[in-house]
Amino acid sequence: MKISVSFTLWLLLGSISPSESTDYQKSFPQDIYAVLREMTASLVQLKANMLQTQEQAAQLKTEMDKLKTEVDKQKQDLKVRQVAFSASLVAGSQAVTIGPFPSDTLLIYKHVPTNIGNVYNSNTGVFTAPVRGVYNFEWTVAAGGDNIHPSAAVLVKNSEYVFLAWEYQADGFITSSKAVTLLLEVGDVVFVRLWANTRAYDNGSHHNTFSGHLLFPM
Ligand SMILES: *[C@@H]1O[C@H](CO)[C@@H](O)[C@H](O)[C@H]1NC(C)=O
């Protein structure tokens, strides 16, 4: 717009030549009307340009608002995609033996060093998928062999038993680990159950653990 304004001014100034200035008295009425007409035309053009510029500014603002909304949404998506947790059975340093129970029993891992995205609930022992995607889980179950009971834990997706970690030794410390990759929908839950008639032993060394993280959304 600046360019068109200075161009218009230049036109206006240029239209009053030195010779015309000297013939001022004689040619006044005719010339002043010509100049006024030209000025009016220029003002109309200027106004049109301004309106156009205002329109463009409004359009630009709309575009910028759209972009901002998109950036905010992507930021939010990125947050949802940051999912990783790790937990162990015992919080603190006390030693506990869990089981044997006559049926499979939910293990609630109380010690939670990592819980990005707040996806694992240490009150219920349940992980909930915040986004559709492929997740990896690892779990380890351990106990002292007592010559009777194995040490075993199954990973459950919703109500489906996925993989079982199981070990039996007559004595010594026995530990069993498994990992699994699962495609989960939003709201799917994953947790671990102690296998019926088996035992888990944990203390401040954190032998029994349950971890998971999002590999990639889908
Ligand atoms: C936990 O138990 C194991 C196996 O009995 C033992 O070796 C370890 O020292 C214990 N850890 C703590 C912190 O008590």
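This is a predicted model: local features need pLDDT of at least 70, side-chain atom pairs count only at pLDDT 80 or more; totals for chains, interfaces and linings use all residues.

Biologist: Why are Lys66 and Glu63 separated by about one helical turn?

Modeller: Lys66 and Glu63 are about one helical turn apart because three residues separate them in helix H3. Residues are numbered from 1 along each chain as its sequence is written, and side-chain values use heavy atoms, with hydrogens and water left out.

Helix H3 comprises residues 24–80; helices (H or I, at least four residues) and strands (E, at least two) are DSSP runs, numbered from the N terminus. Lys66 and Glu63 form a salt bridge whose closest N and O atoms are 3.7 Å apart. The term denotes a side-chain nitrogen of Lys or Arg within 4 Å of a carboxyl oxygen of Asp or Glu. Lys66 is exposed, at 53% relative accessibility, and Glu63 is partly exposed, at 44%. Here buried means under 20% relative accessible area, exposed over 50%, and partly exposed in between (1.4 Å probe, protein chains only).

Two further pairs lie in the helix. Lys61 and Asp65 meet through their side chains in a salt bridge of 3.1 Å, N to O; both belong to H3, four residues apart, about one turn of the helix. Lys61 is exposed at 52% relative accessible area, whereas Asp65, at 39%, is partly exposed. Lys68 and Asp72 form a salt bridge as well, with the closest N and O atoms 3.4 Å apart. Because Lys68 and Asp72 are four residues apart in H3, they too are separated by about one helical turn. Lys68 counts as exposed at 53% relative accessibility, and Asp72 as partly exposed at 38%. In total, the structure holds five salt bridges.

H3 also contains Leu36, which is partly exposed with a relative accessible area of 43%. Leu36 belongs to a nonpolar surface patch with Ile32, Tyr33 and Met39, and the four together have about 370 Å² of accessible area. Patches are made of residues with over 30% relative accessible area and no salt bridge, where like charges are joined within 9 Å and nonpolar side chains (Val, Leu, Ile, Met, Phe, Trp, Tyr) within 5 Å. Accessible areas come from the Shrake-Rupley method with a 1.4 Å probe, and for residues only the protein chains shown count as cover.

Turning to the chain as a whole, its secondary structure comes to three helices and 13 strands. Of its 218 residues, 30% are buried. The accessible surface is about 13,500 Å², of which 60% belongs to carbon and sulfur atoms. Among contacts (heavy atoms within 4.5 Å) between residues at least 6 apart in sequence, 74% join residues at least 24 apart.

E8 is mostly covered, with seven of its seven residues buried. From E8, Ser151, Ala153, Leu155 and Lys157 point one way, and Ala152, Val154 and Val156 the other way. E8 (residues 151–157) runs antiparallel to E9 (residues 160–167), to which six bridges join it, and five bridges join E8 to the antiparallel strand E11 (residues 189–194); two strands pair if DSSP finds at least two bridges between them. The bridge partner of Ser151 in E9 is Glu167, while Val156 has Phe191 as its partner in E11. In the hairpin of E8 and E9, which has two residues between the strands, Asn158 takes a positive phi near 55 degrees.

Leu155 is buried, with a relative accessible area of 0%, and its C-alpha atom is separated by 6.5 Å from that of Arg193, 38 residues away along the chain. Ser151 is buried at 1% relative accessibility, and its side chain reaches the backbone oxygen of Arg199 at 2.7 Å. Such a polar contact is a pair of N or O atoms within 3.5 Å; within protein, one must be able to donate a hydrogen and the other to accept it, and residues adjacent in sequence count only if both atoms are side-chain atoms.
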